[in-house]
Amino acid sequence: MTPIKSRTQVAIIGGGPSGLLLGQLLQRQGIDNVILEARSGDYVLGRIRAGVLEEITVRKLREAGCAARLEAEGLVHHGTGISFGGTLHRIDIHALTAGKVVTVYGQTEVTRDLMYARAQSGGITAYEASDVALHDLQGSAPRVTYQQGGQRHELACDFIAGCDGYHGVSRRSIPAQSLRTYERVYPFGWLGVLADVPALPELVYANHERGFALCSMRSPTRSRYYVQCPVDEDLSAWPDSRFWDELLQRVDPLTASRIVTGPSIEKSIAPLRSFVAEPLRYNRLFLVGDAAHIVPPTGAKGLNLAASDVHYLSEALFEQYLERSMAGIEDYSRKALSRIWKAERFSWWMTSLLHRFPEQDSFSLALQRAELDYLMSSETAQRLLAENYVGLPV
Ligand code: RFL
Ligand code: PHB
């Protein structure tokens, strides 16, 4: 079958938040792009993931023309709770960072707003694109082939943005000898529940002898809760009643008294992993977001790092197309990796501080306890947490 041939400036693999945000930013500068997404739009919107946005992420969504609903409905948070030893402690993020905040607004809603903006601007997204393959990556004229609706397609382009997540094809298309990877897999996962019950006023991260727990939200009436669980846990072993029992045991009494329980509308288990592939550029192919790096969710950094990668890459592509300079493209990987590694460090540290590890002996437990005590007794220590939590400068 002869393929349908077309051409674009930037082929974007993956229509998650990084692909959609990059597509919108390019679109607004008149840079032609096509997004190829393996799944359907509904499937992408069905994935319940991140909830906490840094200011840089909000800024990029504004620049993409997608922040109206976020600005109206997003919950601006000035602080976050840390629960341990039966007590709820508060970190005043706003005061400790000279006025910075985080915004609680679900990844599902970010994705919905980006999809809507793309449809309005006439940008092309090919959903349910299968057998996506990258070709001629060594030369100056890369191509992407794929199947859609029983038809073969071939897309010629100047650049390819690999925004296709950890399991995507982009990173795997780079020869192994040209990529260095770093990985840590944690010996537990997070069991998450979404429920239409009133939310707490702020997030609460809990360290308890039964394991970590997190109280989060999507809106004042929709809550998101997590408990640490074995990574191979069977979801069917967790009816709602067991989940709520476990959560209530892991938080301090004040937080427990504020939690309203109810039927779950979604329940899933996520493994925890730290991962970085470098460099983020292979000739005309760039890795962006989860395709290049994974953080454990404890620091709320995954989606925000995807947005900062998109920031660096979109600026580099603007320089290339609008000023005919390759300087930004040459520097993309270095700039993005410098911020990525700091977020990897913070996410690893938050994970180590708040979880119970199977191999933890009495000495490391005592050190963890001392670190929590130190955090709550030292403004300097709290400032370090707050500065990283709101997001380091880009
Ligand atoms: P995504 O979202 O994985 O999107 C990649 C897209 O590529 C498609 N795809 C392909 N398309 C074409 N061809 C192929 N061969 C393809 N292979 C895959 C996929 O279908 C998909 O649509 O990556 P992206 O865009 O880089 O976005 C990254 C974020 O999704 C991720 O980092 C965050 O969700 C991580 N995360 C959090 N991040 C935060 O910043 N704050 C948080 O509070 C937060 N909480 C979380 C999280 C992730 C979690 N899970 C489930 C891993 C909480 C959880 C529980
Ligand atoms: C969430 O609301 O899903 C969430 C919030 C904070 C995190 C991770 C996940 O650190």
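The shell around ligand 1 divides into 15 nonpolar, ten polar and seven charged residues. Here Ala, Val, Leu, Ile, Met, Phe, Trp, Tyr, Cys and Pro count as nonpolar, Asp, Glu, Lys and Arg as charged, and the others, Gly among them, as polar. The model is predicted: local features need pLDDT of at least 70, side-chain atom pairs count only at pLDDT 80 or more, and totals for chains, interfaces and linings use all residues. Residues are numbered from 1 along each chain as its sequence is written, chains are lettered from A and ligands numbered from 1 in the order in which they are written, and side-chain values use heavy atoms, with hydrogens and water left out.

Around ligand 1 there are 32 residues. A residue is near a molecule or strand if one of its heavy atoms lies within 4 Å of it. Ser18, Glu37, Arg47, Gln107 and Leu303 come nearest to ligand 1. Arg47 places a polar side-chain atom 2.6 Å from an oxygen atom of this ligand. This is a polar contact (a pair of N or O atoms within 3.5 Å; within protein, one must be able to donate a hydrogen and the other to accept it, and residues adjacent in sequence count only if both atoms are side-chain atoms). The backbone takes part too. A polar backbone atom of Gly51 is 3.2 Å from an oxygen atom of ligand 1. For a polar backbone atom of Ala300, the distance to an oxygen atom of ligand 1 is 3.2 Å. Taken alone, ligand 1 exposes 1,100 Å², and the protein buries 86% of that. Accessible areas come from the Shrake-Rupley method with a 1.4 Å probe; for residues, only the protein chains shown count as cover. Two or more residues of this shell come from each of helix 1 (17-28) and helix 9 (302-323). Helix 9 gives the largest share, three residues. Helices (H or I, at least four residues) and strands (E, at least two) are DSSP runs, numbered from the N terminus.

Ligand 2 has 14 residues around it, and Tyr205, Ser216, Arg218, Tyr226 and Pro297 come nearest. A polar side-chain atom of Arg218 lies 2.7 Å from an oxygen atom of ligand 2. In the side chain of Tyr226, an N or O atom is 2.6 Å from an oxygen atom of the ligand. Pro297 brings a backbone N or O atom to 2.8 Å from an oxygen atom of ligand 2. Alone, ligand 2 exposes 280 Å²; of that, the protein buries 97%. Strand 16 (213-219) and strand 17 (222-229) each supply at least two residues of the shell. Strand 16 gives the most, with three residues. By class, the shell around ligand 2 holds eight nonpolar, three polar and three charged residues.

Gly16 sits in the loop between strand 2 (10-13) and helix 1. Its relative accessible area is 9%, so Gly16 is buried. Buried means under 20% relative accessible area, exposed over 50%, and partly exposed in between (1.4 Å probe, protein chains only).

The protein chain has twelve helices and 21 strands. Of its 394 residues, 55% count as buried. The C-alpha trace spans about 65 × 40 × 40 Å along its principal axes. The chain exposes about 16,700 Å², and carbon and sulfur atoms supply 51% of it.
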